[in-house]
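Please look through the sequence and the model below before reading on.

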Amino acid sequence: NRYADAYPWRLSPHATNLALRANGPSYPAVCTESMVGDDDIFDVIILEYHLRAEEGLLILARRLRERFPDALIIFFKIWHPFYIHHLAGGDDNNNNNKKKTAIRVGKKNRTEKRGQNFVSWAQGTLGPDVSLHGRDLKDALLSTKEEDWAYGDQTKGDQAVEVAAKAVGGYIYELQKNPSPLQAMIHHNHWFADDFHHMSKYGHQVVANDVGRFIKKHGRRSDRVGSWGGGDACLSWFTDGHVGLPYGDDKVRLAQFGDEKYALEFPSSGGGGSVEITNPFDHDRTLYLTYMATGPAPSKYPKTNIIVTKQSEDPSHAQVVVMLDPISSIPDGHGVHVAKLSKAGVVPPGTSIIHIHPLEKTERPFRLTGISLTSDIDADFEVFGDQK
């Protein structure tokens, strides 16, 4: 039960969980005020974005620190089974998993070997329905050697977390990790759920116990409240399907996909579609779009052109066209299906039209899950990159 057994509620029954599934820190960084609101004051703030920390964690941390100058901010480094890679033989013996990933091993002489992540190895060895907690997987692990395994290179995430924590006077909590990747999966697999990714009920309790002791030692009351800077205005229908703005014609539809996820779908045929947005501020605001992406390449979603016009303008006369490339840059090469945020233009005060034109036909239509308006708080917004 993610609403009762997860570590936030084990820490406090009054916890507020603003995490968005399949999202990194970029959307919260742009939409901090819209997500947090203006009424609550927080004593403890936990940021769990190790995997995609370089996608805006520093900006998110700075905005939260500006608003809550006295809050205890804790940055998580939590490892997952897919951080672990099988090196011996790579994936040459598995015809169903042909992707290879470069893994850095060693301390002084950092060399590269080729391999596949633990999840791919387990599924390739025992089938797609393999259980993380089954005896057959444990036996398969015991048949391997210590030197067959290595932790994937998480240098980018580590550095981004450390930079953000230092910038706002935060603390880093790192989930205990066995030096041996093989022993970690043999003895700590019960920390994780059968999807090989989320933490199990037991794992959440481990984290709650560790962080609870940490808060007891370093926590303090937070009563002062600062500003949100220039503010933001955001809409996201990713988790509830409530779009809240006019969109296109019959070609554009609200679709449910996956496990209770929602998006506006824009067909590749027929020229795509449009959505209408209102900038409530007195000045121009930077527009960010959140959309679905997959990785590694090629993406299952189409590259898409974005044009912003006033209601009366002809989009064919637009001078600025932004192309979105729905490729995820998550490290370690494992397959991902996530929400991605990119800068898509500038919106003047009042009502504007966002024209969305997919450029190619792919397995899935372009899926838009959110729209954000904000001021350019800092040049570090460039970390959201990947847009062209």
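Proline 296 is found in the loop between strand E12 and strand E13 (304–310), where helices (H or I, at least four residues) and strands (E, at least two) are DSSP runs, numbered from the N terminus. The peptide bond that leads from glycine 295 into proline 296 is cis, with omega near -5°. The loop between E12 and E13 also holds proline 298, and the peptide bond from alanine 297 to proline 298 is cis as well, with omega near 0°. These bonds deserve attention because most peptide bonds are trans, just as most residues other than glycine have a negative phi.

This is a predicted model, in which local features need pLDDT of at least 70 and side-chain atom pairs count only at pLDDT 80 or more, while totals for chains, interfaces and linings use all residues. Residues are numbered from 1 along each chain as its sequence is written, and side-chain values use heavy atoms, with hydrogens and water left out.

Two strands pair if DSSP finds at least two bridges between them, and strand E8 (residues 232–236) pairs with E17 in the antiparallel sense over five bridges, with alanine 233 standing opposite leucine 373. Strand E12 (residues 285–295) also runs antiparallel to E17 and is joined to it by six bridges, and here threonine 290 has glycine 370 as its bridge partner.

A parallel pairing can be found elsewhere, where strand E1 (residues 44–47) and strand E2 (residues 72–77) are linked over four bridges, and isoleucine 46 of E1 has isoleucine 74 in E2 as its bridge partner. E1 has a covered face made of Ile45 and Leu47, and an uncovered one made of Val44 and Ile46.

Turning to the helices, which residues of helix H6 (residues 135–142) are buried? They are Leu137, Ala140 and Leu141, and because they cover an arc of only 100° around the axis, they lie on the same side of H6; the arc is that of the directions from the helix axis to the C-beta atoms. An α-helix has 3.6 residues a turn, so residues three or four places apart point the same way. The buried residues of H6 pack against helix H5 (118–126), strand E6 (149–151) and helix H8 (181–187).

Serine 131 lies in the loop between H5 and H6 and, at 25% relative accessibility, counts as partly exposed. Leaving aside neighbours within four places in sequence, serine 131 is in contact with Leu137 and Asp194. Serine 131 and aspartate 194 are 63 residues apart in sequence, yet 5.9 Å apart in space, C-alpha to C-alpha.

Phenylalanine 196, in the loop between H8 and helix H9 (201–218), has a positive phi of about 70° although it is not a glycine, and phenylalanine 196 is buried, with a relative accessible area of 3%. Glutamate 260, in the loop between strand E9 (253–257) and E10, has a phi near 55°, which is also positive in a residue other than glycine, but glutamate 260 counts as partly exposed at 44% relative accessibility.

Terms used:
Buried < 20%, exposed > 50% of the residue type's maximum accessible area, 1.4 Å probe, protein only. Contact = heavy atoms within 4.5 Å.
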